[in-house]
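Work through the exercises below with the sequence and the model open. Each task is followed by a solution in steps.

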Amino acid sequence: MKKLPKLGFLYLDYVLRFFDNSNFKGWPDKIEKVVYHWKNDKKRFINEIKKKKIDILIGNIPATAYDTFVEISKELPNVRFVPSIHAQFPNKSKENVTIFCKKNKLSIPKTKIFEDKEKGLKYLKEKASYPQIIKRSYGPSNYGGYYVHKVDNYAEAVDLINKKKYSPIYTQNAIKLKNNGDIRVMLIGHKPVCAFWRYAGKNQWITNTSQGGHMSYNNIPMNALELAVKSSKAARAEYFACDIAICEKTGKAYILECATAFAAFPYIRDWIGQYLMWDFTKGKFKLPHIPLFSWEELGKINSNLLRTMRHIGFSKYKPSYDGEFIINDDPSFSMEKICEDFYKNFPNNIIETRLELSKQTNNNKDLVDKQLKKMNLNKASLTELMTLHAMQEELAIEIHQYVQENIITDSTDLLELEEIDEQMLKCWDNNLCDMRIDINNINNDILLKIKGIGKKLAKIILEYKKDVGAFKSIDELENIEGIGKRKLEELKSRFKIGE
Ligand SMILES: Nc1ncnc2c1ncn2[C@@H]1O[C@H](COP(=O)(O)OP(=O)(O)O)[C@@H](O)[C@H]1O
Ligand SMILES: [Mg+2]
C-alpha cells in the first residue's frame, strides 16, 4: 500500500470526544491526538500539528471555536480538515444555519435576524405572523430547546426579548409540526444512514426525547430524506445531520438545524470512521455496508451488537476469516490425507472386521469410499452434503435435486446453481472424490445426464464404443469424427477408464 496520510484527532478540552481509535479500527498507522486548550492556544496548536506532520485533522469544531479554526486552517494550507471548515460553517450558530440554507436554496421556515433590537421589535409588531419561534443564535446549540422559545403574540415576544437579551434577535415562523415531532436524519457521504422521528413529551411543543418525548423509526417521509441529502451535498460534508420539520398542513419539509456536530450513536461513528478510511485510502479500505431504510430494525438491536455489524457484509458469500486463511494461504496446518499404507499399520482385528465387511458386500469399493474417503456428490446423502464447508440446508436439497436429473462429473458443473461460486468449490475439492464416469460403463441415459453431452454426441460415442468394444484410453475419443481437440479436453474431465 502506498504511504497513507498521517491522521490526527482534533480534541478540545471540555468537549465530548466524537471519535477515538476504535472508530478507525484497522487503520494500520498510529493516529495522533491534538488537543486544543482554548484561550491563546492557537500558535502552540499550529506548531503541534506541524511537528506531528499531520495530513488530515479529523473532528468537529464547536461553535465557540469556529472562527479561531478558520484562522488556524489558513495557516495550515496543506492540512485537510475533516469535516472541512466549509462543511462546519453551520456548526457555529443558528444564524449560520440560516445563511447556509438561504445561499443553497434549502427549504427553511421564514426567518429574520436583527442586529438592531428596535428593528426586530418593529418586525415582530407589524409583520410577523404568530406563533414565532425565537432562538438564541450563537453559542452552544442542541441544549434540548433550552434557548428556543415559542411566543404566541407580540406582547410575549417583547417580554421574552427584554428578559433574555438575545442578540441578534433570531426569529422564525413556527411550523405546525406533523405528528407533533421533527425528524433527525444522519448522513454519511450524503447517504441517509439513520433517521427517526423525535416526538414532544406530553403538553410540550418542543421535541425533546430527554424530557418525556420519544422516538420512532417509522414512516420517515421521502421529502425529509431528500432535503437532508441536498443539504449534506451543499455542505460537501463527509458526515452531516439535519433536524427537519414536516408541516402538518402541506407536508412540506423544512430544515430547523443542520451540522456536522451532533449526537451520533457509537455504531454511526464507526461507520463514519470506515467511510473516512475508504476516502483517505482512495478505496483500499472497504466502504461500510449500511442497510438502507432498516432504521427501525437497527433501533431494536442492542447497540453493542450493532457495533459488531461493521464487520458483517450482506453481499455475496465470502469466506469467514478462518476460511479465507485456508483459501488464500498455503495451508501449513491443513488436514492431510491419511498415509497410503493405512491398512498395513492397522491392528489385525480391525483389518479382519473390515475384510468381513467387504465380504458381505459386493460394493466393497463404495463402502470404503463412504467410510474412509471422499464424497461423490451424485451419491451423497443430505447429511453427508451438510458436512461440506458453508453448506446450507436449502442448498443441500437443491444439489440433491440436481443429481436426480444430472450426473456431476466435475464439481464445477454445480456453478449452474446460483448459490455456488468457485471459492466454495475450492473449499470442497479435498472432500470430493473423482466423480468422472467410467467410459466403458455408459449408456444413452447416463450420457445425456452429463453436462455438455447432447443427443448427437451421445450417439456417436456409443456407436464408436460398439465398434471398438472397449476404450483403452480416453484419448481414443479423438478418433471419433466430430470430436476435436477442445472437445476432447472437456470430455477428459467427464470420463475415465475404470472405476
Ligand atoms: N420553526 C420551528 N417550528 C416548529 N418547531 C420548531 C421550530 N424551530 C425549532 N422547533 C422545535 O424546537 C426544537 C429545538 O430547536 P433547535 O433549533 O433544533 O434548537 P436546539 O439547538 O435547542 O436543538 C426543534 O427540534 C423543534 O422541535
Ligand atoms: Mg436541535
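**Exercise 1.** Find the protein donors of the magnesium ion (ligand 2).

*Solution.* Donors are N, O and S atoms within 2.8 Å of the metal (3.2 Å for Na, K and Ca); water is not among the atoms, so sites may look incomplete. Asp243 belongs to strand β12 (residues 239–247) and Glu257 to strand β13 (residues 253–259), 14 residues apart. Helices (H or I, at least four residues) and strands (E, at least two) are DSSP runs, numbered from the N terminus.

This is a predicted model: local features need pLDDT of at least 70, side-chain atom pairs count only at pLDDT 80 or more, and totals for chains, interfaces and linings use all residues. Residues are numbered from 1 along each chain as its sequence is written, chains are lettered from A and ligands numbered from 1 in the order in which they are written, and side-chain values use heavy atoms, leaving out hydrogens and water.

**Exercise 2.** Is Asp243 buried or exposed?

*Solution.* Buried means under 20% relative accessible area, exposed over 50%, partly exposed in between (1.4 Å probe, protein chains only). Asp243 has 5%, so it is buried. Glu257, at 15%, also counts as buried.

**Exercise 3.** Classify the ring pair of Phe18 and Tyr239.

*Solution.* Rings of Phe, Tyr and Trp (its six-membered ring) pair if their centres lie within 6.5 Å; planes under 30 degrees apart count as stacked, over 60 as edge-to-face and the rest as tilted. The centres of Phe18 and Tyr239 are 5.5 Å apart with planes at 10°, so the pair is stacked. Both Phe18 and Tyr239 are buried.
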